[in-house]
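Here is my notebook from a friendly look around one structure. I wrote down each thing as I looked it up.

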Amino acid sequence: QVQLVESGGGLVQSGGSLRLSCSASGSFFSRYAMAWYRQAPGKERELVAAITSGGSTNYADSVKGRYTISRDNAKNSVYLQMNSLKPEDTAVYYCKAYRPGLGVRYDSWGQGTQVTVSS
């Protein structure tokens, strides 16, 4: 498993931008798929964006065209660039590492970082 630490959250006005970072420690980071999830108060945690070990990406419909996920295996890091932020993007954002097809024993979560978008 890897250990994950998120950073970069904060308070931003509607229409603004933020860049979240997730730093991983442990072995074989490049073999992990990575994802960003978010959880708003009173709502279930939802997938925002994911990137495979090979660099393929997918996004939730609600963030397509506004968010970009990327990774830098040399730095053991994954990023989420968030543009054109809306108040409904307000949530705690979590980073997840996983190995598709190998089971939940490879799943790791960060502690989360708060993103608040004011109207």
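This is a predicted model: local features need pLDDT of at least 70, side-chain atom pairs count only at pLDDT 80 or more; totals for chains, interfaces and linings use all residues.

**Entry 1: the hairpin.** I looked up β7 and β8 and found four residues between the strands of their hairpin. Asn76 has a positive phi there, near 50°. β7 covers residues 67-72, and β8 covers residues 77-82. The two run antiparallel and are joined by six bridges. I picked out two of the partners: Asp72 is bridged to Ser77, and Ser70 is bridged to Tyr79.

**Entry 2: the faces of β7.** Which residues of β7 are on the covered face? I found Tyr67, Ile69 and Arg71 there, while Thr68, Ser70 and Asp72 are on the uncovered face.

**Entry 3: the sheet.** Next I traced the open sheet, whose four strands come in the order β1-β3-β8-β7 with antiparallel pairing. β1 (2-7) and β7 are the edge strands, each pairing on one side only. From one strand to the next, the twist averages 15°.

**Entry 4: Asp89.** I then moved to the loop between β8 and β9 (91-98), where Asp89 sits. Is Asp89 buried or exposed? Asp89 counts as buried because its relative accessibility is 1%, and the cut-off for buried is under 20%. Its side chain makes a polar contact of 2.8 Å with the side chain of Arg66. Another polar contact, at 3.3 Å, links the side chains of Asp89 and Tyr67. Leaving out residues up to four places away in sequence, I listed what Asp89 touches: Arg38, Arg66, Tyr67, Ser84, Val115 and Val117.

How values were computed. Residues are numbered from 1 along each chain as its sequence is written. Side-chain values use heavy atoms; hydrogens and water are left out. Buried means under 20% relative accessible area, exposed over 50%, partly exposed in between (1.4 Å probe, protein chains only). Two strands pair if DSSP finds at least two bridges between them. A polar contact is a pair of N or O atoms within 3.5 Å; within protein, one must be able to donate a hydrogen and the other to accept it, and residues adjacent in sequence count only if both atoms are side-chain atoms. Contact means heavy atoms within 4.5 Å. Axes are lines fitted to C-alpha atoms, for helices over the stretch in contact, and angles run from 0 to 180 degrees between N-to-C directions.
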